[in-house]
Amino acid sequence: MTMTNAGGRRRPPTIHDVAREAGVSRGTVSRVLNGGHYVSPAAQEAVNAAIRRTGYVVNRHARSLITGRSDSIGFLLTEPQERFFEDPNFNVLLRGCTQALAGHDIPLLLMLAGTEDERRRITRYITAGHVDGVLLVSSHSGDPVAEQLREAGVPLVACGKPIGLGSKVSYVAADDRDGARDMVKHLVSLGRRRIGMVTGPLDTPGGVERLAGYREVLAEAGIEADDRLVASGDYSRASGEAGAEQLLDRAADMDAVFVASDLMAQGVLAALHKAGRRVPEDVAVGGFDDSPAATAVTPALTTIRQPWDRISNEMVRVLLAQIGGDDPAAVILPTELVRRDST
């Protein structure tokens with residue numbers, strides 16, 4: 001539908017045009033645009049249909065002056081910038097959150113805060129009201145950002161349960177412990193008894209829970225715990241390679257290894273190849289994530305699939321509900337064992 005002014009020239013449609021087209025008041029249109037509260041389903045459908053017909057586009061700047069909201073969301077990664085480009089999980093999650101917010105016509109702002117100074121600056125920016133809420137990714141124990149944002153009243157949803165904050169902060173997480181249990185049970189079912197592990201960072205929820213799941217299954221299977229079979233990693237490929245080298249030095253009879261991320265597993269496979277160990281004949285290898293890194297190696301990696309699409313959709317849903325006034329919520333999603341050639 002084309003709108004013209006008195007001089008016959010085209011002009012962008014306004015909220016008044018939408019109201020006239022829908023046969024409702026301007027106030028009804030405004031309520032629909034601001035969340036649909038106190039609007040009947042019939043009126044809401046009429047307004048949405050009128051918006052489509054007229055091609056009306058919200059003037060975000062004008063609306064933010066009225067509502068006090070920015071109509072944007074922050075995607076905050078508290079990791080060094082190089083990790084964002086190395087680890088495929090962050091890009092998958094960012095893409096999923098961007099797509100989920102696109103359905104609400106809300107832009108997502110990427111914020112990288114890998115140093116203390118960067119975290120301090122970005123926290124000031126966020127608490128000044130430049131975004132309506134934050135999707136927090138990769139929160140470490142002792143990282144003050146989540147607590148500072150919570151205390152400032154900023155709507156917040158973390159990816160993974162923030163250590164030490166319990167039910168104070170909304171979060172969405174895969175079931176890390178159960179996923180780790182499934183992988184180690186699979187390795188045990190193959191007859192492997194000297195099962196090593198390269199952990200994630202033990203100041204993150206995923207690092208802690210995946211190590212706990214590994215230890216639980218070994219105990220249940222009657223396999224004696226051996227600290228020589230556990231090496232620490234930081235989710236980077238290099239740390240996976242270094243961890244595997246440590247395990248081979250300390251436990252030459254290792255016949256399987258559970259790696260807490262697919263990217264680290266790439267490094268583990270490289271170390272095993274360099275040491276002349278065949279995969280899976282000599283050493284079976286299992287990863288975690290089912291990221292693109294799992295199929296970018298030979299042999300293709302048996303891994304634990306995190307439901308990234310559901311995680312991103314749930315993070316957005318929970319955050320928008322919190323912005324709308326809901327209390328903090330926790331969502332834990334199931335994982336799935338994906339069998340490939342490395343076990």
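Predicted model: local features only at pLDDT ≥ 70, side-chain atom pairs only at ≥ 80, totals over all residues.
Residues are numbered from 1 along each chain as its sequence is written, and side-chain values use heavy atoms, with hydrogens and water left out.

The two residues I began with belong to a pairing of strand E8 (residues 195–199) with strand E10 (residues 256–259), which is parallel and has 4 bridges; two strands count as paired if DSSP finds at least two bridges between them. These strands sit in an open sheet of 4 strands, ordered E9-E8-E10-E11 and paired in parallel. At its edges are strand E9 (230–232) and strand E11 (284–286), each of which pairs on one side only. Helix H12 (residues 262–274) packs on this sheet and touches E8, E10 and E11, where contact means heavy atoms within 4.5 Å. The direction of H12 makes about 155 degrees with that of E10, an angle taken between N-to-C directions on a scale from 0 to 180 degrees, with axes fitted to C-alpha atoms, for helices over the stretch in contact.

Now to the other sheet, which is open and has 6 parallel-paired strands in the order E4-E3-E5-E6-E7-E13. E4 and strand E13 (330–333) are its edge strands and have a single partner each, so one side of each has no neighbour in the sheet. The twist from one strand to the next averages 15 degrees.

Is strand E3 buried or exposed? All 5 of the 5 residues of E3 (residues 73–77) are buried, so this strand is largely enclosed by the rest of the structure; buried means under 20% relative accessible area, exposed over 50%, and partly exposed in between, with a 1.4 Å probe and protein chains only. Ile 73, Phe 75 and Leu 77 point one way from E3, whereas Gly 74 and Leu 76 point the other way.

E3 runs parallel to strand E4 (residues 108–112), joined by 5 bridges, and Leu 77 has Leu 112 as its bridge partner there. E3 also runs parallel to strand E5 (residues 133–137), again through 5 bridges, with Ile 73 opposite Gly 133.
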